[in-house]
Amino acid sequence: MAQQVRGVIARAKGEPVRIETITVPDPGPGEAVVKVQACGVCHTDLHYREGGINDDFPFLLGHEAAGVVESVGEGVTEVAPGDFVILNWRAVCGQCRACKRGRPQYCFATHNAKQKMTLADGTELAPALGIGAFAEKTLVAAGQCTKVDPAASPAAAGLLGCGVMAGLGAAINTGGVGRGDSVAVIGCGGVGNAAVVGARLAGAAKIIAVDIDDSKLETARGLGATDTVNSRSGDPVEAIRELTGGFGADVVIEAVGRPETYEQAFYARDLAGTVVLVGVPTPEMRIDLPLLDVFGRGGALKSSWYGDCLPSRDFPMLIDLYRQGRLDLDAFVTETIALDEVEKAFERMHHGDVLRSVVVF
Ligand SMILES: NC(=O)c1ccc[n+]([C@@H]2O[C@H](COP(=O)([O-])OP(=O)(O)OC[C@H]3O[C@@H](n4cnc5c(N)ncnc54)[C@H](O)[C@@H]3O)[C@@H](O)[C@H]2O)c1
Ligand SMILES: [Zn+2]
Ligand SMILES: [Zn+2]
């Protein structure tokens, strides 16, 4: 039987979100209903609310979540009721050209639940990133559920579902940071600070954190940055070069999503180094770089979608590291809040006060 639960809905562009009763259908073939235990507030939820993603209002927000599978539909074998899972937005298809080439982390045909959750009047909802987890229960594709060690705290585990995975993966997967490398991270919010943590896990010898906010830099230092640069007080490219023997870092990770910070990343890396863009730009943004510099500096200019993660490979491994005390996911949970405090959390995010506010149920 379909169930009625509470969820956080964005009805129109820029309008404050509110809690409404939504209907969650029973899972159909290949689907699962998950009882959500925790869901982080990500910048992307705010982008949806502001109409920056698309116009498919009303949205059911929330997508960085962990919970317990309540029921599964026909043919579901990968998860079962009672499993503790992190929700992902990369349910790989196994059929597309990326999957067929053995690169499922780039899957070009990821899938979501086929049925729709609705408002009480039957209006279909668009769940954020195909998840919609600011709700007591949500309907997803079974492939969006990744089973992990149930001993992990849901608030911390859920963060691997988006921003923290994006940052960790930008360093470990996309950037290929290795033992002894020098790494600079520009923008140290939830994503950038996760890149700092990823660089440390991968054995980087020097990790330079760059931000315009001293409190973010302090957090970065606590998470493993060896040096910090406030780019309000001088040219960060010069500062990064000075800290790397005059040459620049082997890997520079841009976690802001702006042309000026991308240009900084481009020039702050050593010859043959790697730039990773994990920050998400907006459609009007442009960059203008001398093509000769693109050639002459060599190396790789990469973008990182969701940290190039493969949830089934990366989530259980990262939760194991967390359980062993080698990956401090709890450090990203600045505060836990109730479902009706998401709008307030957007304001705090705007002021840069938090790495993550996490709704716990
Ligand atoms: N690629 C992906 O798959 C993926 C996934 C999740 C989020 N993101 C993106 O990553 C970016 C960061 O997300 P977040 O949640 O960490 O956001 P956030 O707002 O928490 O962090 C952004 C940080 O950048 C800093 N900053 C702003 N302007 C700066 C500048 N000029 N120089 C240096 N630092 C500056 C801010 O002070 C802040 O600390 C966003 O663009 C977000 O959309 C990408
Ligand atoms: Zn695929
Ligand atoms: Zn997100």
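Predicted model: local features only at pLDDT ≥ 70, side-chain atom pairs only at ≥ 80, totals over all residues.
**Overall form**

The chain contains 11 helices and 18 strands. Its radius of gyration is 20 Å, close to the 21 Å given by the globule rule for 361 residues, so the chain is as compact as a globular protein of that length. The C-alpha trace spans about 65 × 40 × 40 Å along its principal axes. Of the 361 residues, 51% count as buried. Among contacts between residues at least 6 apart in sequence, 71% join residues at least 24 apart.

**The nonpolar core**

The largest nonpolar core has 118 residues, and the members that touch the most others are Val 183, Val 185, Ala 195, Val 196 and Ile 253. Helix α4 (residues 163-174) supplies the largest share of this core, seven residues. At least three residues of the core come from each of domain 1 (3-161 + 328-360) and domain 2 (167-305).

Ile 253 illustrates how such a member is surrounded. Leaving aside residues up to four places away in sequence, Ile 253 touches Ala 170, Ala 171, Gly 175, Val 183, Val 185, Ile 186, Ala 195, Val 276 and Val 278.

In α4, 12 of the 12 residues are buried, so the helix is largely enclosed by the rest of the structure. Among these buried residues are Ala 170 and Ala 171, both of which are touched by Ile 253. The buried set also includes Gly 163, Gly 167 and Gly 169, as well as Asn 173 and Thr 174.

Helix α11 (residues 342-350) has Val 342, Ala 345 and Met 349 as its buried residues. Seen down the helix axis, these buried residues fall within an arc of 50 degrees, so they line one face of α11. An α-helix has 3.6 residues a turn, so residues three or four places apart point the same way. On the face of α11 turned away from the buried side are the exposed residues Glu 347 and His 350. The cover over the buried residues of α11 includes β1 (3-10), α1 (43-49), β17 (335-337) and β18 (357-360).

A glycine with positive phi comes after α4, and another comes just after α11. The table lists these two residues.

| Helix | Glycine after the helix | Phi |
|---|---|---|
| α4 | Gly 176 | positive, near 55 degrees |
| α11 | Gly 352 | positive, about 75 degrees |

Definitions and conventions:
Residues numbered from 1 in each chain as written. Chains lettered and ligands numbered in written order. Core = buried A, V, L, I, M, F, W, Y, C linked by C-beta atoms within 7 Å. Buried ≥ 20, exposed ≤ 12 C-beta atoms within 10 Å, placed from the backbone. Helix = DSSP H or I, 4+ residues; strand = E, 2+ residues; numbered from the N terminus. Domains from an automatic or database assignment. Contact = placed C-beta atoms within 7 Å. Rg over C-alpha atoms; globule rule 2.2 N^0.38 Å. Arc of directions from axis to C-beta.
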